[in-house]
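Please look through the sequence and the model below before reading on, and keep the structure open while following the text.

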Amino acid sequence: MAIVRFKGFGEVDVTVGTSLLEAATRAHFPEGSACGGVCACSTCHVHVLKGASLLSEQEDEEADILDKAFDVRATSRLGCQSKIVADGELEIEITRESLEAYENEHPAERGKYTK
Ligand code: FES
């Protein structure tokens, strides 16, 4: 099992093969996913603060989409494209861009995470 901590929200235990977006969704944490997880939007943008080596390698397609994201750093990944490949602990920060996207996808929660 891997433990994924989402900064400010909590943690969730997941099995190898789970993506970061799937982990957040399972725990009901607010990570955007406008394209449905097919590497076409960048709204699932996260910063991997700890455990980057436990994730699948970044493919060219992911890098191309991340080029369009805001606040891109060396720690940036797309949650839908980052699969956990080994057991361990990860710490993830959901970007403001992703929180805003989540709120847009869930109007009843608008302003809850981005104040
Ligand atoms: S959900 Fe659209 S790129 Fe990840």
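The paragraphs below go from the overall fold to the nonpolar core and then to one helix.

This is a predicted model, in which the protein has three helices and five strands, and these follow one another along the sequence in the pattern β-β-α-β-α-β-β-α. The radius of gyration is 13 Å, close to the 13 Å that the globule rule gives for 115 residues, so the protein is as compact as a globular protein of that length. Along its principal axes, the C-alpha trace spans about 35 × 30 × 20 Å, and 33% of the 115 residues count as buried. Among contacts between residues at least 6 apart in sequence, 66% join residues that are at least 24 apart.

The largest nonpolar core has 23 residues, and those with the most contacts inside it are Val4, Phe6, Leu20, Ala24, Val46, Ile92 and Ile94. Two or more residues each come from strand 1 (2-6), helix 1 (20-26), strand 3, strand 5 and helix 3, with helix 1 giving the most, namely four residues. If residues up to four places away in sequence are left out, Ala24 touches Phe6, Phe29, Glu31 and Gly79.

Helix 3, which spans residues 96-105, has Ser98, Leu99, Ala101 and Tyr102 as its buried residues. Why do these lie on the same side of helix 3? They cover an arc of only 160° around the axis, and this puts them on the same side of the helix.

Methods:
Residues numbered from 1 in each chain as written. Predicted model: local features only at pLDDT ≥ 70, side-chain atom pairs only at ≥ 80, totals over all residues. Buried ≥ 20, exposed ≤ 12 C-beta atoms within 10 Å, placed from the backbone. Arc of directions from axis to C-beta. Core = buried A, V, L, I, M, F, W, Y, C linked by C-beta atoms within 7 Å. Contact = placed C-beta atoms within 7 Å. Rg over C-alpha atoms; globule rule 2.2 N^0.38 Å.
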